[in-house]
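Subject: The structure I promised you

Hi,

Here is the structure we talked about. Have a look at it first, and then read on for what turned up in it.

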Amino acid sequence: MPRPRKKRKICNPPLMKGFRPFGLPGCKNGYVTLSFEEYESIRMINYLDMQQEDAAREMGISRPTFTRLYNKALKQIAGSFVEGKTIVFDGGDYNLTDEWYRCRKCYKLIKGIENHTRCDNCNSYNINELIKIN
Ligand SMILES: [Zn+2]
């Protein structure tokens, strides 16, 4: 029986659902999917300038596993750039370190729900508008 895969720890979900290329008529080149863990690996290495060793520790995975994840993320992004594909952030095997919600109306990300009776971006007062992310 295969060993159950350990869930990766993620501090920040992506702000948006994905990226779309522009300047292409119709935009029918398909899409690539970046899992939340792959997104997180790019955020830690290329945005926060972390070392892979530290990033792996923060996600609660081994360095070789992290490197595989990170390389896959780069490959997906390269595929998107070269072939003009949309990038969709979706799926993965992770636990978020905090509770995150997304406003259903304007898609703004909101950390924790306790102080949020409304979305401070679009002023939606309907708390049911907030979708819990995992
Ligand atoms: Zn909103």
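Which residues in helix 1 meet which residues in helix 2? On the helix 1 side they are Glu37, Glu40, Met44 and Ile45, and on the helix 2 side they are Gln52, Ala55, Glu58 and Met59. Sorted by class, that contact has four nonpolar, one polar and three charged residues. One thing to keep in mind as you read: this is a predicted model.

**The overall layout**

The protein chain has three helices and eight strands. Starting at the N terminus, the order of elements is β-β-β-α-α-α-β-β-β-β-β. Of its 134 residues, 39% are buried. Now take the contacts between residues at least 6 apart in sequence: 69% of them join residues at least 24 apart.

**How the helices pack**

Let's go through the pairs of helices.

- Helix 1 (residues 36-47) and helix 2 (residues 52-59) pack at an angle of about 140°, and their axes are 10 Å apart. To count as roughly antiparallel the angle would have to be over 145 degrees, so this pair is oblique. The crossing of helix 1 with helix 2 is right-handed.
- Helix 1 and helix 3 have axes that come within 9 Å and cross at roughly 95°, which means helix 1 is roughly perpendicular to helix 3.
- Gln52, Glu53, Ala55, Ala56 and Met59 of helix 2 meet Arg63, Phe66, Thr67, Leu69 and Tyr70 of helix 3. That gives six nonpolar, two polar and two charged residues.

**A closer look at helix 1**

Is helix 1 mostly covered or mostly uncovered? It is mostly covered, with ten of its twelve residues buried. The buried ones are Phe36, Glu37, Glu38, Tyr39, Glu40, Ser41, Ile42, Arg43, Met44 and Ile45. What lies over them includes strand 1 (8-10), strand 3, helix 2, helix 3, strand 4 and strand 5.

Something to recall here: residues three or four places apart in an α-helix point the same way, because there are 3.6 residues a turn.

After helix 1 comes Asp49, in the loop between helix 1 and helix 2. Asp49 has a positive phi of about 55°, although it is not a glycine. Is Asp49 buried or exposed? Its relative accessible area is 60%, and the cut-off for exposed is over 50%, so Asp49 is exposed.

**The nonpolar core**

Which residues have the most contacts inside the largest nonpolar core? They are Met59 and Phe66, in a core of 24 residues. The elements that give two or more residues to this core are strand 3 (31-34), helix 1, helix 2, helix 3 (63-83), strand 4 (86-89) and strand 5 (94-96).

Leaving out residues up to four places away in sequence, Phe66 touches Ser41, Met44, Ile45, Gln52, Ala55, Ala56, Met59 and Ile61.

Ile87 is in strand 4, and Ser80 is in helix 3. Buried means under 20% relative accessible area. Ile87 is at 7%, so Ile87 counts as buried. Ser80 is at 6%, so Ser80 is buried as well.

What does Ile87 touch, not counting residues up to four places away in sequence? The list is Lys17, Gly18, Phe19, Val32, Leu34, Ile77 and Ser80. Lys17 is 70 residues from Ile87 along the chain, yet their C-alpha atoms are separated by 8.5 Å. Ser80, with its neighbours within four places left aside, is in contact with Val32, Lys85 and Ile87. Val32 is therefore on both lists, that of Ser80 and that of Ile87.

Enjoy looking around, and write back with any questions.

Cheers

Notes:
Residues are numbered from 1 along each chain as its sequence is written. This is a predicted model: local features need pLDDT of at least 70, side-chain atom pairs count only at pLDDT 80 or more; totals for chains, interfaces and linings use all residues. Side-chain values use heavy atoms; hydrogens and water are left out. Axes are lines fitted to C-alpha atoms, for helices over the stretch in contact, and angles run from 0 to 180 degrees between N-to-C directions. Helices (H or I, at least four residues) and strands (E, at least two) are DSSP runs, numbered from the N terminus. Angles under 35 degrees count as roughly parallel, over 145 as roughly antiparallel, 65 to 115 as roughly perpendicular and the rest as oblique. A crossing is left-handed if the near helix is turned anticlockwise from the far one by less than a right angle, and right-handed if clockwise. Contact means heavy atoms within 4.5 Å. Ala, Val, Leu, Ile, Met, Phe, Trp, Tyr, Cys and Pro count as nonpolar, Asp, Glu, Lys and Arg as charged, and the others, Gly among them, as polar. A nonpolar core is a set of buried Ala, Val, Leu, Ile, Met, Phe, Trp, Tyr and Cys residues joined through side-chain atoms within 4.5 Å. Buried means under 20% relative accessible area, exposed over 50%, partly exposed in between (1.4 Å probe, protein chains only).
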